[in-house]
Amino acid sequence: MRDYGKVFSTFWTSDSTRGLSDDGKVLALYLLTGPHSNIIGCYRLPDGYASEDLGWTPQRVSKGFGELFQKGFATREESSKWVFVHKHLKWNPLENPNQITGAIKLYDQIPDTSSVKPLMATALQKYTSPNIKGFETLPKPLGNPSETLSKPLGNPSETLSKPETETGSRTGSETETGEGESRARARATPPEKSRYGENGNVLLTREEHAGLCRKFTPELTQKAIAFLDLHIGAKGRNEYKSHNLAMQKWVFDAVKEREFRQARASPGAPPGAWKSTAQRRLEANNQAADEAEILLFGKRAEETNATG
C-alpha cells in the first residue's frame with residue numbers, strides 16, 4: 001500500500017479526463033491515489049474494495065469502469081479484476097534504480113494469462129527511460145513489438161538476393177507473393193479474446209466488449225456477461241462460436257425478461273410489472289381488439305338511431 005499518490009493539476013484539463021462524468025473523475029482519482037494502487041498503475045482491484053472505499057454500489061463501480069474504458073483512461077479485466085491505468089507511468093515516471101527493481105517485481109506478479117500484462121509491458125518500455133541505471137534488467141517481453149512482429153516476414157531484399165541452389169530458386173515475383181501471403185495471414189489473425197464473468201466462461205475481444213458497452217450500457221453488459229457465464233457453466237460446455245453474437249441475439253433479452261419477473265418481488269412495483277414480454281404483447285393486442293369492437297358497436301348504434 002502506498003502512503004500517497006501524485007496527481008498533477010493538469011488532471012482537470014487533460015483530454016483524458018475533461019470528458020468524464022463526476023463519477024468517472026472520482027474513480028480516475030481513486031485509481032491514481034487509492035490505497036490499492038502502486039508505482040506502475042497496474043494492480044488487482046475487486047469490486048468489493050472499490051465499493052467499500054468509495055461507498056458505491058457494485059453496479060455504480062462497474063458503470064464507472066465502463067466509462068473509463070471507453071474514454072481510454074483505464075482497462076480492467078473482468079475475469080481477474082486486474083486494472084491498468086494507461087498513462088500512469090507517463091504521469092508518474094520511475095525515477096531511480098530502486099523503483100525500477102520494484103516495478104519489475106510488480107510486473108512479474110501480473111498473471112501471464114491476463115490481457116492487461118501486454119499493455120503494462122508496452123507502457124514500461126514506452127515510458128521508462130533507457131538512460132536510468134537498471135533499465136537493462138527489465139523483462140525480455142518488453143522488447144520492441146514491431147521488431148518481434150517483423151521477424152517472421154523476413155527481409156525481401158535479402159530473400160531476393162540469395163544465390164540459386166542446386167534445387168533451383170524462386171523468382172522475385174514468387175518471393176514477393178509469398179511475402180504478401182505472409183502479411184495477409186498476419187492481418188487475418190483474429191484478435192486475442194479475454195475471459196469475462198466470475199467463472200471466466202465468456203470470451204470477448206476488447207473491441208467487442210467496448211461495442212456492447214456502447215450499445216447496451218456498461219451496467220447492462222455486465223449483467224449479460226454474468227448471465228451467460230452462469231449459463232455456460234451450468235451446461236458444462238460452450239456451444240457458441242461467438243459469445244458476442246450470442247449476447248446480442250438472446251442474452252440481453254433474457255436479462256431484461258428476468259428483470260421484469262424480479263420486479264414482482266419489489267415493494268411498490270406497479271401491477272403487472274413482472275409480466276413477460278409475450279404476455280404484455282398479448283394483453284396489448286386484446287385491448288386493441290376490445291377497443292375496436294366498442295367503436296364498431298357504437299357506430300352501429302348510431303346508424304340504427306339515424307334510420308329509426
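Predicted model: local features only at pLDDT ≥ 70, side-chain atom pairs only at ≥ 80, totals over all residues.
Student: Let's look at Leu45. Which residues does Leu45 touch, leaving out those up to four places away in sequence?

Tutor: With residues up to four places away in sequence left out, Leu45 touches Tyr30, Leu31, His36, Ala50, Phe65, Arg76, Lys81 and Val83.

Student: Now for H1 and H2. How are H1 and H2 oriented, roughly parallel or roughly perpendicular?

Tutor: Good one to work through. Helix H2 covers residues 47-54, and its axis lies 12 Å from that of H1, at an angle of about 110°. Angles of 65 to 115 degrees count as roughly perpendicular. H1 and H2 are therefore roughly perpendicular.

Student: How many charged residues does the contact of H1 with H2 have?

Tutor: From H1, Val26, Leu27 and Tyr30 take part, and they meet Tyr49, Ala50, Asp53 and Leu54 in H2. By class, this contact has 6 nonpolar residues and no polar ones, and the number of charged residues is 1.

Student: Is Val26 buried, partly exposed or exposed?

Tutor: Val26 sits in helix H1 and touches Leu54 and Trp56, not counting residues up to four places away in sequence. Its relative accessibility is 39%. Buried means under 20% and exposed means over 50%, so Val26 counts as partly exposed.

Student: On to H10 and H11. Why do H10 and H11 count as oblique to each other, and what is the handedness of their crossing?

Tutor: The axes of helix H10 (residues 206-216) and helix H11 (residues 218-235) come within 7 Å and cross at roughly 120°. Roughly perpendicular covers 65 to 115 degrees and roughly antiparallel means over 145, so H10 and H11 are oblique to each other. As for handedness, the crossing of H10 and H11 is right-handed.

Student: Which residues of H11 meet H10?

Tutor: On the H10 side are His209, Leu212, Cys213 and Phe216. The contact has 6 nonpolar, 2 polar and no charged residues. The H11 residues are Pro218, Leu220, Thr221 and Ile225.

Conventions. Residues numbered from 1 in each chain as written. Heavy atoms only, no water. Axes fitted to C-alpha atoms, helices over the stretch in contact; angles between N-to-C directions. Helix = DSSP H or I, 4+ residues; strand = E, 2+ residues; numbered from the N terminus. Parallel < 35°, antiparallel > 145°, perpendicular 65-115°, else oblique. Left-handed = near helix turned anticlockwise from the far one by under 90°. Contact = heavy atoms within 4.5 Å. Nonpolar A, V, L, I, M, F, W, Y, C, P; charged D, E, K, R; others polar. Buried < 20%, exposed > 50% of the residue type's maximum accessible area, 1.4 Å probe, protein only.
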